[in-house]
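Here is a short report on one structure. Please read it with the model open beside you.

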Amino acid sequence: MAAETPTPPPATRSGEPNHGLRIFIPWLVLSVAAVLIIWFVWYPHLPPGGMSSAAANQQFDIAVLAVIAAPVMILVLLYFGYALVVWRQKEGDEEDGPAIHGNTRIQATWIVVSTVIVLFLAVFGTVELFAAQGSGAGQGASPIFTSGVRNPLQVQVIGQQWKFTYRYPQYGGFETTDLVLPTNTWVEFHVTSIDVIHSFWAYQLGIKADANPGVDNIAYAKVYHTGTITVRCAELCGLWHGAMFDYGAAVSPAAFHAWAQATEVRLTSVTKMLPPYALTYDPTVVPQMSKAMVAAGLTGAPGLYYPPTDPEQP
Amino acid sequence: MSLPARVSLLVVAFLAVVAIGAFVVLHYFLSGPTTIDYASGVTPNTGAVVHVVMQEDPQNTVSTKPDWVSYFIQDPKTKAWVHTTLFRVPAGSRIDMTIYGFDGCTPLRNPVWGQVTGTIGNVEYVNGKPYHQINSWSGCNVGHTFSIPGINLNVPMATPGLIQSAKPGLCATSPCQPGNPKQVPYRVMTFSFNTPHATGEYFWQCRVPCGGGFVTGFGGPMQTIGFMTGNMDVVS
């Protein structure tokens, strides 16, 4: 019986530095520094700012995500750079590198860490949707996450090519091109459209809600402090979509109340021309009225509405 | 095919492609309505008065889309009506606007645009009579609007308010000629507004889905420069 040939021992790693420690220490230092910088320096300046409850929650979410992502990104980049520098092929070295073996401890670690991070983000994201009343995206006509306030200020946002107008049903239903909101008050936005699809994006408020014809899309925000609100349409809506923006203002409750009451009085005659306040407005009302006018023998612009089969239909 | 013939064919084909490309660029991308200049000879930012004259017609008979409603602008030098919606005005000036309304009525999609805003005194004059608002849903009152959102200007355009069987009917040949309303009915809208000191292009539009609208939005002339929307170029 032939004697067994002993298996040669694996190549010894004697003399090799402790690569794990050499990566871990700078990773720890850089990660701690990054987290501190993100949380204490970057966080207060992250978009969309902290002007409203929805905006502040979005800012917090971004900061938390950045804090979680920074150590991961630093580890990847650090390892990448370390491998490039330390394990690069030396000049004249034609030998294969040592065989790669699995490392159960490392594999288990990254699986557990990844699982923990993903599960945490799932729970965190769900909680943040709830805590931020839908995070400003609009929840349709029957919102799940409400402000819980019994009588919030209602502001209807009406999209139309190419301007947003705002109705205040608790002040006689007047409609204006000026968006004015009070601080420290829950606002319930009812976002809709009377023609095509728009998107009401009030940047500093953290509100970005679709404005669809025939849909009442509800979003919530509580304004924390006074300032200017930039409003843009965030849905391509025709030729002048790019010019569909305006600026609103957040003012003190007393200033808002004074403005709303004065505007209600000033626009009394205009309000009488408007249809009664409703959560949505039927876009076919006007063509129906046009047909009625034509049927009554009144002159109208030729063609009125193009039928769907019209060759000019885009 | 001989080599010279093949080379010639290749050269001709190449030139044909270049020519087609040049035609497309020149005809479709670089061409467009002319800009009527109301700014030359006027010192900007002095509050100078500039008189701009326009008209809106039930149709235009001067383009490939004759059934589209359209604005026209009067050239201040030649007094000719030009089929365009682009005009240039000096910054920091007062614009005295006259618009002849030849078109019939169509209800506003949103009657809130029946109010006059952004003009001096928030007023327009229709045949000399002051109006702060016109209700387009209460009758055959409004044909179009002249609106410049960038300066919060909105002026509803009144209509002759005719019935279809009226004689004479609406102007049928563009550009319409203001003259005897008993021959060609129309309304005259006048209003004034101040141009901003900030130079730039301020788009203007009609807010009535007037004959070129779809149930779910503007189309045709409403979104075509040269018809029912355009630019006010403010220069200094």
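Leu205(A) reaches well beyond its own stretch of chain. Leaving aside neighbours within four places in sequence, Leu205(A) is in contact with Met51(A), Ser52(A), Ala54(A), Ala55(A), Gly136(A), Ala221(A), Val223(A) and Ile229(A). The model is predicted, so such contacts are computed from predicted positions.

Leu205(A) also belongs to the largest nonpolar core, which has 86 residues. Leu205(A) is among the members with the most contacts inside that core, along with Val157(A), Phe189(A), Phe200(A) and Ile207(A). A second core is separate and has five residues. Among them are Trp162(A), Val196(A), Cys233(A) and Met244(A). In soluble globular proteins, nonpolar side chains tend to be buried together.

**The chain A sheet**

Chain A holds an open sheet of five strands, in the order S4-S10-S9-S6-S7. The pairing is mixed. Which strands form the edges? They are S4 (180-182) and S7 (207-211) of chain A, and each pairs on one side only. From one strand to the next, the twist averages 25 degrees. Helix H4 of chain A, residues 253-266, packs on this sheet. Helix H4(A) touches S4 and S10 of chain A, and its direction makes about 140 degrees with that of S4(A).

**Strand pairs in both chains**

The table sets out three pairings, each with one pair of facing residues.

| Strands | Sense | Bridges | Residue pair |
|---|---|---|---|
| S2 (49-57) and S6 (94-101), chain B | parallel | eight | Val49(B) and Arg94(B), bridge partners |
| S2 (49-57) and S3 (70-74), chain B | antiparallel | four | Asp57(B) opposite Ser70(B) |

In chain B, S2 pairs with S6 in the parallel sense. S2(B) also pairs with S3(B), here in the antiparallel sense.

**Chain B: domains and a helix**

Chain B is divided into domain 1 (1-31) and domain 2 (37-235). How many Å separate the centres of these two domains of chain B? Taken over C-alpha atoms, the separation is 44 Å.

Helix H1 of chain B spans residues 3-29. H1(B) has 27 residues and reaches 38 Å from its first C-alpha to its last. That is close to the 39 Å expected at 1.5 Å a residue. Why does H1(B) lie largely in the open? Of its 27 residues, the number buried is zero, so H1(B) lies largely in the open. Buried here requires 20 or more other C-beta atoms within 10 Å of a residue's own.

Definitions and conventions. Residues numbered from 1 in each chain as written. Chains lettered and ligands numbered in written order. Predicted model: local features only at pLDDT ≥ 70, side-chain atom pairs only at ≥ 80, totals over all residues. Domains from an automatic or database assignment. Pairing = 2+ DSSP bridges. Helix = DSSP H or I, 4+ residues; strand = E, 2+ residues; numbered from the N terminus. Axes fitted to C-alpha atoms, helices over the stretch in contact; angles between N-to-C directions. Contact = placed C-beta atoms within 7 Å. Expected span 1.5 Å × (residues − 1). Buried ≥ 20, exposed ≤ 12 C-beta atoms within 10 Å, placed from the backbone. Core = buried A, V, L, I, M, F, W, Y, C linked by C-beta atoms within 7 Å.
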